[in-house]
Amino acid sequence: MVDLSEKIYNITGIDNKILKEQVLYMAGKIFVIVESPTKAKTIRKFLPDNYIVDASIGHVRDLPKSAADIPKKLKGEEWTKLGIDVENGFKPLYVTPKGKGKIVRELKQKLKEADLLLLATDEDREGESISWHLVDILKPKVPVKRMVFHEITKKAITRALETGREIDIDLVNAQETRRILDRLYGYTLSPLIWKKISYGLSAGRVQSPGLRLIIDRERDRIKFKKAVYWDLSALISPGTGREKEIFEAKLESVDNKRVSTGKDFDPLTGKLQENKDVLILDKTAASNLEDQLKNGDWNVDSVGERSFRQKPSPPFITSTLQQDGNRKLRMTARETMRAAQHLYEQGFITYMRTDSPILSSEGTNGAIESVKRLYGENYLTETPRQFSSKSKGAQEAHEAIRPAGEVFVHPEETGLTGRELALYSLIWKRTLASQMKDAEKISTTAKLKAGNTVFSATGTRLAFPGFLRVYVEGKDDVDAALDDKETFLPELKEGQSVLLNKLSSIQHETKPPARYTEAALVSQLEKMGIGRPSTYASIINTLFDRQYIRRQGTSLIPTFTGFAVIQLLENHFPNLIEYSFTSEMESALDEISIGKIDRLKYLEKFYLGKKGLKGQVENREKEIKPEEARTIKLPHLGPISGVKVGKYGPYFIQEQEGDKESIHASIPEEIAPADLSEADILEITELQKNGPVPIGTDPATGENIYCLTGRYGAYFQLGEKTEEVPKPKRASLPKGMKPKDVTLEDALRQLSLPRLVGMHPETGLEIRVNEGRFGPYIAHNEEFRSLKKDDELFSVSLERCLEILAEPKKGRGGSPVLKDFTGDKKTSLTIIDGRYGPYIKYGKKNIKLPDEKKDRKIIESLTTEEVMAIVKDA
């Protein structure tokens with residue numbers, strides 16, 4: 001091949017290097033490598049015909065995941081188990097992951113025909129690392145340039161071509177150091193946890209402190225002591241002729257002494273906090289006060305007004321996008337980032353991994369023009385707003401997440417659907433709101449006098465909506481969310497008599513600290529400087545994968561296994577999960593990225609130093625007793641010594657008097673650690689001690705029906721388990737029903753499932769409905785669909801089932817589900833139409849579908865057995 005770049009650089013009369021590169025860009029064959037096919041497809045639209053664009057499909061090299069990945073010539077080396085040669089400058093062992101060899105060969109083949117290589121991977125540490133690895137593995141003989149941009153628009157791509165740069169080795173080193181630290185931490189501690197608790201568990205540099213946050217909150221709930229207090233609520237109208245203008249007023253003080261509220265009590269003791277001089281009303285006092293005031297006079301003592309402004313939030317950064325995606329759209333952090341990645345790669349938004357809320361002049365102008373066009377100049381601020389980051393290690397080089405380009409595309413004109421449309425709308429609205437005027441509100445407070453008491457009523461009205469015209473930020477705090485709503489008070493005057501419509505005494509109980517939602521956890525991790533926002537989605541996902549946490553509604557609940565892992569780390573390696581230690585490590589990594597700290601010295605101190613990780617683990621391993629490590633001490637459970645983590649889930653041992661054998665009883669995994677009470681322990685113990693007692697008999701077979709408790713909760717069982725009947729028929733209890741409340745009718749109803757609804761008019765096959773681990777579902781021809789919230793399992797019609805079966809099915813990430821095989825299995829099993837083609841999703845695992853089975857007709861004909869065979873072979 002003729003080296004066109006060399007020819008151009010030797011052209012007589014062209015001495016200017018920039019001009020030579022421009023000639024090359026126009027005349028030569030340019031090979032552009034990006035990470036994903038979607039990004040390649042979008043970029044290709046903005047490039048001339050002499051540009052070839054292809055995707056590396058993420059990283060082309062990584063540290064080995066298992067012994068199978070280690071090259072044969074290094075198999076005997078002890079250090080390869082770690083993947084890091086700690087004795088030789090912490091040199092990492094990089095291998096090409098399974099399935100990536102073909103991609104590398106294809107890239108090399110295309111590179112042979114090119115005169116210039118442009119590496120257009122993302123502009124963050126991961127993107128820089130991918131580019132470095134591509135150069136190292138492809139070994140190009142042509143000029144190489146980094147092509148960087150933070151949005152995929154024609155203008156941004158053109159600018160990137162004009163401003164190519166070299167690979168930033170500091171960014172590459174920063175990524176590699178992080179990767180090495182994560183490997184050292186995880187691969188040194190995890191094997192210890194396997195030995196002492198259970199195989200397959202893990203610890204992580206950011207993962208473990210994140211889990212500790214969730215567990216510390218659960219411990220706060222265990223320590224929580226409830227406080228009970230009373231107050232009064234009055235429904236008032238302004239007077240005769242204005243009876244319909246009713247408003248609520250709440251008791252504020254009695255004899256000039258403030259009445260207690262929930263915030264006055266200590267959540268750990270249930271007692272009044274020190275230095276709180278308040279009146280605590282009990283039921284009797286509240287009732288007596290109610291009787292005194294019912295027939296008395298009520299007057300307006302004072303009316304006050306104050307104006308205040310509410311400012312818009314900054315444009316989205318990675319962490320705040322994840323938080324509002326969770327609060328407003330009920331998307332997990334992972335789903336939010338996946339949808340954002342798709343939007344970026346399709347050219348709809350700027351780069352989504354950023355911790356800078358700054359808008360470029362182009363972004364600011366785009367927002368201003370959109371506001372002007374849609375709402376008028378009256379809604380614009382006098383001067384454009386700019387925001388600065390509150391994060392310690394913010395990378396100000398990146399811009400905030402905003403709609404791409406100079407002219408923002410209206411959500412209705414994007415052609416997007418589903419979650420991608422919802423997320424784009426959120427980003428579009430928040431960006432516009434950032435350049436709009438403050439919302440102006442007026443708060444009115446009326447004090448009402450009744451006998452020796454004062455009641456207070458507050459109303460808020462919007463004087464000017466400002467940015468609220470387009471966007472209201474999501475909130476975890478329900479009370480704070482209510483504060484944003486308008487509540488009107490009728491016109492009142494000082495000294496005016498008012499009418500009491502109703503007076504009620506109300507009992508209140510203080511609530512335990514709320515469990516973290518994903519949004520709240522992301523916010524807390526960022527606030528404490530633990531990890532980086534771009535990693536939060538994968539951290540939370542790992543906690544779910546390891547079954548350290550589970551989701552109940554939007555709350556994150558730790559499992560007993562998660563408790564055991566954190567307990568071991570706290571008892572034996574407390575410094576490694578200290579919040580400050582993790583935060584300081586992040587700061588050190590940032591300084592390594594700019595050359596302020598020598599990375600090798602830092603790694604040596606962390607791993608091989610006097611208090612290094614390797615020495616700590618070697619010194620402590622023999623002292624850690626597996627039986628103690630598997631036993632969780634919970635102070636609120638008196639009758640037992642602790643909850644134990646076993647192969648089949650959590651259980652406890654109840655010692656018996658005399659020579660009686662101790663009782664081993666399973667704890668249903670649906671019970672959260674803080675919710676497990678002594679009453680639960682006694683109930684489970686009695687059930688285990690006495691053996692199953694039938695709740696009745698089946699009129700059809702005469703067999704006993706039992707309500708039993710297992711690892712996954714309570715269930716009904718028809719008949720006994722015998723050699724002849726090793727798997728008697730079982731059915732889950734209806735959601736929310738407790739074992740002590742079940743009736744024979746409930747059991748017969750559930751055991752009648754699956755219910756035949758009718759025959760499919762096109763296939764002639766049965767349509768049945770049933771209850772599975774993931775809720776009620778429809779089954780037809782090896783395909784399963786979830787029933788909707790409003791569909792009742794025992795009354796849903798054939799027409800409704802046909803309607804649901806006709807709908808295109810979507811996976812959790814928004815990708816279409818081509819076929820669902822889950823049914824009543826404990827682990828979900830589907831075939832997803834992914835970004836890179838169809839694949840099998842088995843629980844949390846993604847498994848490649850063989851090429852010969854990717855045709856849609858073949859997928860339709862696959863059976864559950866055939867798909868499970870592929871899963872087992874993977």
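Which residues does Met 147 touch, not counting residues up to four places away in sequence? The first legend takes this up, after a short note on the model.

This is a predicted model, where local features need pLDDT of at least 70, side-chain atom pairs count only at pLDDT 80 or more, and totals for chains, interfaces and linings use all residues. Residues are numbered from 1 along each chain as its sequence is written, and side-chain values use heavy atoms, with hydrogens and water left out.

**View 1. Met 147 and its neighbours.** Met 147 touches Val 32, Leu 118, Leu 119, Ala 120, Thr 121, Ile 157, Ala 160 and Leu 161, leaving aside residues up to four places away in sequence. Contact here means heavy atoms within 4.5 Å. You'll find Met 147 in the loop between strand 6 (144-146) and helix 6 (154-162). Helices (H or I, at least four residues) and strands (E, at least two) are DSSP runs, numbered from the N terminus. Met 147 has a relative accessible area of 0%, so it counts as buried. Buried means under 20% relative accessible area, exposed over 50%, and partly exposed in between (1.4 Å probe, protein chains only). For a sense of spacing, Asp 115 sits 32 residues from Met 147 along the chain, and their C-alpha atoms are separated by 15 Å.

**View 2. Asp 122, a buried charge.** Look for Asp 122 in the loop between strand 5 and helix 5 (125-138). Its relative accessible area is 5%, which means Asp 122 is buried. Beyond residues up to four places away in sequence, Asp 122 touches Glu 35, Lys 39, Gly 127, Glu 128, Arg 146, Gln 341, Tyr 344, Tyr 351 and Arg 353.

View 3. Lys 112 belongs to the loop between helix 4 (101-111) and strand 5 (116-119). Lys 112 counts as exposed because its relative accessibility is 55%.

**View 4. Lys 29 meets Glu 113.** Side chains of opposite charge can pair when their charged atoms come close. Lys 29 and Glu 113 form a salt bridge, with the closest N and O atoms 3.8 Å apart. The pair links distant parts of the chain, 84 residues apart: Lys 29 is in the loop between helix 2 (17-27) and strand 1 (30-34), and Glu 113 in the loop between helix 4 and strand 5. Lys 29 is partly exposed at 36% relative accessible area, and Glu 113 is partly exposed at 44%. A salt bridge is a side-chain nitrogen of Lys or Arg within 4 Å of a carboxyl oxygen of Asp or Glu, and by this rule the count comes to 56.

**View 5. Buried salt bridges.** Arg 178 pairs with Asp 590 in a salt bridge, the closest N and O atoms being 3.8 Å apart. Arg 178 lies in helix 7 (residues 169-196) and Asp 590 in helix 18 (residues 579-593), so the pair ties together parts that are 412 residues apart in sequence. Both Arg 178 and Asp 590 are buried. They also belong to a network of salt bridges that links Arg 125, Arg 178, Asp 182, Arg 205, Arg 532, Glu 586 and Asp 590. Elsewhere, Glu 399 and Arg 402 meet in a salt bridge at 2.5 Å, N to O, and both are buried.

View 6. Most residues other than glycine have a negative phi, and most peptide bonds are trans. Asn 256 is not a glycine, yet its phi is positive, about 65 degrees. This residue sits in the loop between strand 8 (247-254) and strand 9 (257-258). Gln 547 also has a positive phi, about 60 degrees, without being a glycine. The peptide bond from Leu 753 to Pro 754 is cis, with omega near 0 degrees.
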